[in-house]
Amino acid sequence: TAYEISLGLVGSEMCIRDRSCTFDEEFDPNRPSLEGILTDASVNQLNNLVVGVESGMRSGISGQTVHSGTMARELYVFDADPRNTGDLLGANGATLDNNSFYSSSVWAAKYRTIKNANILLEAIANTTSIDAQDASGYKGFAQTVIAHQLLMLVKSYGRARVDVGDPTSPGPILQESEVLSSISSILDQALSDLSGAGSSFAFPLAGFSGFDSPSTFSKFNRAVKSAALVYSGDKSGALSALGASYLDLNGDLTDGPKHVYSLSSGDQANGLYKIVDNNGDQIIVHNSFIADAEAGDSRVSNKTIIRSDPTTQDGLNGTHQTKLYASNISSIDIIRNEELVLLYAEANIPANSSEAVKALNIVRNAAGLSAYSGSTSESALVDELLKQRRYSFWCENHRMYDLRRYGKSSSLPIDRPGDEVFNIIPVPLTENELLVNINTNKGRVLTRPCCLN
């Protein structure tokens, strides 16, 4: 800064005149240094890292949600960037660019958070400011966040680097099954640390009201693991994890930790909030979400609102826009009880269809719908599960991954002649990866990433 430069010049002139002074190495007094944090960090420094890690969990949410939502034909983003209505929908046979904002922004955001969590873990190992019990609390928190961020990477990219502790020599990019296995292991280690953390954390958490002690945060840890196990196909393991989470079949479906926002200096607002009837920056609801809904489904009226005038852009149109969030400081759920209920339903298909239907009906009834009366075959229950997940989690970064993991991406509609369906984001060019496209009868579905070294 100019302030640093002026101090340096003054000091140099004084030494030139005096020739008797020497300079001691000093850390920048205006900014925290990595060296200072990694060398016997204070409790205040550790807690500042916790704040940074929790804040970083929010980074990339808006982009990840609208990119995947567009590709899954949940929504359109009508703004000034033509790639939102072009690249992501495969307009005129376009392919996804591995050097564009939609490929690099989420990857970078998640790994920044993982990096900060790793710094926290290293700082804990090198400090004398806390006892072993408090150290266990910090470690359990940091490792749980790392696992959660890796899970978010899997949903968009289908793979991730797990070993990034040494930024000069990171481990390989692993395929989805390997990442999910690693996530489970990280979460188990985190749970072990949390069990030794006593009755309270040595640090505050902003969005984890009700989940801000080692024992209650452990329930969040198990919630994340239940999702990873369902995604990996370990349904019995998922049921065990759900039993130790905050799943409550009779409870409030909105319960769970949240990303919180504010307009305070240095904080950030909820980027998924949009002003009703605003033009130029809008999340437009895909018409099929309205047309395919069951009559009386309150999720449609709760999440979307009809515009005064239908809007069009690039040959796309929509009558409704988002009203998912009431304001630009509304919180965003990380994992709420409603998601756990549907994970419970999924984990019971097909082994216990009656229990799966029971869970599905909890969500249906909460949306004002009658009980499920269809077939209890595995395929029918999967279709019903995906339908309930579609309407419960509209514009929440689930639909693209749900269809991909069930091999149903080709069922998505083609909005314009020449459009294509993609269901996975390419790993950024900087990772030196290539992607393989697989042809389907509904356009080219990007399904299997691979790497060539």
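This is a predicted model: local features need pLDDT of at least 70, side-chain atom pairs count only at pLDDT 80 or more; totals for chains, interfaces and linings use all residues.
Biologist: Which residues should I look for around the largest cavity?

Modeller: Its lining has 26 residues, and those nearest the centre are Met152, Asp333, Ile334, Glu396 and His398. You can also read the lining by element: α4 (61–71), α6 (132–157), α8 (214–232) and β8 (332–333) each give at least two residues. The most comes from α6, with 5 residues.

Biologist: And how does that lining divide by class?

Modeller: The largest cavity is lined by 13 nonpolar, 7 polar and 6 charged residues.

Biologist: What lines the second largest cavity?

Modeller: Its lining residues include Gly63, Gln64, His67 and Ser68, along with Tyr102 and Ile425. Here α4 gives the most, with 4 residues. By class, the lining has 4 nonpolar, 5 polar and no charged residues.

Biologist: Now the salt bridges, please. What is the general idea?

Modeller: Side chains that carry opposite charges can pair when their charged atoms come close. This structure holds 24 salt bridges. One of them joins Glu431 and Arg161, whose closest N and O atoms are 2.6 Å apart.

Biologist: Where do Glu431 and Arg161 lie in the chain?

Modeller: Glu431 is in the loop between α15 (399–405) and β9 (434–440), while Arg161 is in strand β2 (residues 159–161), so the pair ties together parts 270 residues apart in sequence.

Biologist: Is Glu431 buried or exposed?

Modeller: Glu431 counts as buried because its relative accessibility is 16%, and buried means under 20%. Arg161, at 15%, counts as buried too.

Biologist: What about a salt bridge that involves Asp333?

Modeller: Asp333 meets Lys258 in a salt bridge, at 2.5 Å from N to O. Lys258 belongs to strand β4 (residues 258–259) and Asp333 to strand β8, so this pair ties together parts that are 75 residues apart in sequence. Lys258 is partly exposed at 22% relative accessibility, and Asp333 is partly exposed at 23%.

Biologist: Which residues are linked with Lys258 and Asp333 in a network of salt bridges?

Modeller: Lys303, Arg336, Glu338 and Glu396 are in that network with them. You have met Asp333 and Glu396 already, among the residues nearest the centre of the largest cavity.

Definitions and conventions. Residues are numbered from 1 along each chain as its sequence is written. Side-chain values use heavy atoms; hydrogens and water are left out. On a 1 Å grid over the protein atoms alone, a cavity is a set of points where a 1.4 Å probe fits but cannot get out, and a pocket is an open set with protein on both sides within 12 Å along at least five of seven lines; lining residues have an atom within 4 Å of a point. Ala, Val, Leu, Ile, Met, Phe, Trp, Tyr, Cys and Pro count as nonpolar, Asp, Glu, Lys and Arg as charged, and the others, Gly among them, as polar. A salt bridge is a side-chain nitrogen of Lys or Arg within 4 Å of a carboxyl oxygen of Asp or Glu. Buried means under 20% relative accessible area, exposed over 50%, partly exposed in between (1.4 Å probe, protein chains only).
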